[in-house]
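Biologist: Can you walk me through this model? I'd like to start with the surface.

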Amino acid sequence: MNVVRRTFELDPETDARLQAIAAARGQGVAAVVADAVALLDAVVPLEGPDIAEDVRRLREFERTGEAIPLDEVKAWVESWGTTNELPRPKARKMT
């Protein structure tokens, strides 16, 4: 595997979190950073926000009242690559 060495600075809290995630997942820090970059790339378009898509999703929520609570999404994402990976959360009516 080709490897590129990078050096960057982190605040102590972020470093501690990175170390904890790596330990919990049984991975090296580099693998956790690579996964985080891949996830960021999957959800944040480099060309900027797609306002039309945001409006479409808002209208869909207004029509159905269905959404997925953020804490459920976070728990799902944090379970990726673990032995207890959670199923994708499903949208439901919000009260």
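Modeller: Leu 40, Val 43 and Val 44 make up a nonpolar surface patch, with about 270 Å² of accessible area together. Note that this is a predicted model: local features need pLDDT of at least 70, side-chain atom pairs count only at pLDDT 80 or more, and totals for chains, interfaces and linings use all residues. Residues are numbered from 1 along each chain as its sequence is written, and side-chain values use heavy atoms, with hydrogens and water left out.

Biologist: What goes into a patch?

Modeller: Residues with over 30% relative accessible area and no salt bridge; like charges are joined within 9 Å, nonpolar side chains (Val, Leu, Ile, Met, Phe, Trp, Tyr) within 5 Å. A salt bridge is a side-chain nitrogen of Lys or Arg within 4 Å of a carboxyl oxygen of Asp or Glu. Accessible areas come from the Shrake-Rupley method with a 1.4 Å probe, and for residues only the protein chains shown count as cover.

Biologist: Where does Val 43 lie?

Modeller: In helix H2, residues 29–43. Helices (H or I, at least four residues) and strands (E, at least two) are DSSP runs, numbered from the N terminus.

Biologist: Why does Val 43 count as exposed?

Modeller: Because its relative accessible area is 56%. Exposed means over 50%, buried under 20%, partly exposed in between (1.4 Å probe, protein chains only).

Biologist: And Ala 30, buried or exposed?

Modeller: Exposed, because its relative accessibility is 62%. Ala 30 is in helix H2 too. From Ala 30 to Ala 91 is 61 residues in sequence and 33 Å in space, C-alpha to C-alpha.

Biologist: What about Thr 64, buried or exposed?

Modeller: Buried, because its relative accessibility is 15%. Thr 64 sits in helix H3, residues 51–64. Its side chain reaches the backbone nitrogen of Glu 66 at 3.1 Å.

Biologist: New topic. How many helices and strands are there?

Modeller: The protein has 4 helices and 2 strands. From the N terminus, the order is α-α-α-β-α-β. The radius of gyration is 17 Å, well over the 12 Å that the globule rule gives for 95 residues, so the protein is more spread out than a compact globule. That radius is taken over C-alpha atoms, and the rule is 2.2 Å times the number of residues to the power 0.38.

Biologist: What does the C-alpha trace span?

Modeller: About 50 × 35 × 30 Å along its principal axes.

Biologist: How many of the 95 residues count as buried?

Modeller: 9% of them. The protein exposes about 8200 Å², and carbon and sulfur atoms supply 58% of that.

Notes: A polar contact is a pair of N or O atoms within 3.5 Å; within protein, one must be able to donate a hydrogen and the other to accept it, and residues adjacent in sequence count only if both atoms are side-chain atoms.
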